[in-house]
Amino acid sequence: MTGMSVCEEEQYINTIFENVMSVRQDKFERFYNDIAEADCLIPVGEGRSQCALYIGLSQIHKEVKTIDDIDFPGRNIEEAAPILEKEYDRIALVVNSGSGETAIPKRTVEQLVRYIEETGSDKFTIDAIVSNPNSSIGRVDRKEFGTVIELKGRERVPNSAKEFLKHGIMNDIYELGSMLLMQKTKEAINEGLDAQAVFRKMEEEMKIVGRLIDEYVTSEQLECLIEKLERRGHVIIGGLGPARKVARMTVIRLQHVKRAVGDEAYLAGPLAPKPRAGDILIAISWSGETDPVLKWCEEFKAFGAYTYSIVGRPSKLSRMTESFIVRSSPVEFYERAAFLLSPLPLKLVERLDKRGFKLPEYVMNWYHSVTH
């Protein structure tokens, strides 16, 4: 499936659209049914893959337990499995790992495979999204209890760019695609629809996302924000609940570029530095009325920092900041906010490159892999 276009300004959005619509529907149906029939979901991933999975599954009408939850019944999945079996009839381990070799997901899958094979349990399924079906996690598809979806988009590490190995690759296309796939899986399950509905929903959603990004990247607000980002100063991004996962995805990507110019990107909260004049706060909130987020903005403004926000409706937060409103339900807002913020590091790299600022090779290789 080629030539699919939903966005004029950012080609990588069209690539994501093409990738998600190219997922094998027969494989996806089994993946979807495993999740739909489960009483309990255990999502596992690392970094932005974890954020994408959590954003996608947030507000699903099912019990969701994460291994790092304080009430998770064990130190790992192997220890928790016999307890989970007594509590639930069907449990799905839902894995997101582009490489299929990420440490925590790989170890968790190995532990659950060992438990199932040793006990003969029929209560578990392992359902994974990977970009490499021949990876350690990808090979679980060969098990009766395993289903693996291949989603394209993860770039290979070029041998000439050693910095990629040190800093990691910012796999925007894979991460955003996996988030969209899980988002529409959740919506279809919540609405009692079948697996085919997910593809219809993804097509409809990407048209909306494409229009939003076209509007945002050509807006005066983004132009102003990029102009502030290229100055010396830290950027702090924050939100609560699913918005915090959106913020974390953006921080991970933006900090690669900010570090290259001698600054930092932080997740808002106790570990972030105190605001200074010239710093930037980007707040994410569907309601725009969340007290801690409003207090962050008040504190930053008092110190002479710049404040921006992504909100779901006109609100107190939208009135007190430079705000972009993503009109949507709470269920859709966080996924759309993540897409909307995804061009930020690209636009900053583009601006710095035009200024003649020499950026590290790993940043430029990432930039060209996404934009070309």
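Predicted model: local features only at pLDDT ≥ 70, side-chain atom pairs only at ≥ 80, totals over all residues.
In the largest nonpolar core, which comprises 88 residues, the members that touch the most others are Phe 28 and Phe 339. Helix 8, spanning residues 196-217, supplies the largest share of this core, namely 10 residues. When neighbours within four places in sequence are set aside, the contacts of Phe 339 are Ile 13, Ile 16, Leu 176, Met 179, Leu 180, Met 206, Val 209 and Ile 213. Another core, of 25 residues, lies apart from this one and includes Ala 80, Leu 112, Phe 124 and Ala 128.

Attention then turns to the packing of helices. Helix 10 (residues 242-260) packs against helix 14 (residues 344-354) at an angle of about 10°, and their axes are 9 Å apart. Because angles under 35 degrees count as roughly parallel, helix 10 is described as roughly parallel to helix 14. On the side of helix 10, the contact is made by Thr 250, Arg 253, Leu 254, Val 257 and Lys 258, while helix 14 contributes Leu 344, Pro 345, Leu 348, Val 349 and Leu 352. Sorted by class, the residues in this contact of helix 10 with helix 14 are 7 nonpolar, 1 polar and 2 charged.

As regards the cysteines, the structure holds 0 disulfides. Cys 224 is in no disulfide, and the nearest cysteine sulfur, which belongs to Cys 297, is 15 Å away. With a relative accessible area of 29%, Cys 224 is partly exposed, whereas Cys 40, at 0% relative accessibility, counts as buried, since buried means under 20% relative accessible area.

Note on methods
Residues numbered from 1 in each chain as written. Heavy atoms only, no water. Core = buried A, V, L, I, M, F, W, Y, C linked by side-chain atoms within 4.5 Å. Buried < 20%, exposed > 50% of the residue type's maximum accessible area, 1.4 Å probe, protein only. Helix = DSSP H or I, 4+ residues; strand = E, 2+ residues; numbered from the N terminus. Contact = heavy atoms within 4.5 Å. Axes fitted to C-alpha atoms, helices over the stretch in contact; angles between N-to-C directions. Parallel < 35°, antiparallel > 145°, perpendicular 65-115°, else oblique. Nonpolar A, V, L, I, M, F, W, Y, C, P; charged D, E, K, R; others polar. Disulfide = S-S within 2.5 Å.
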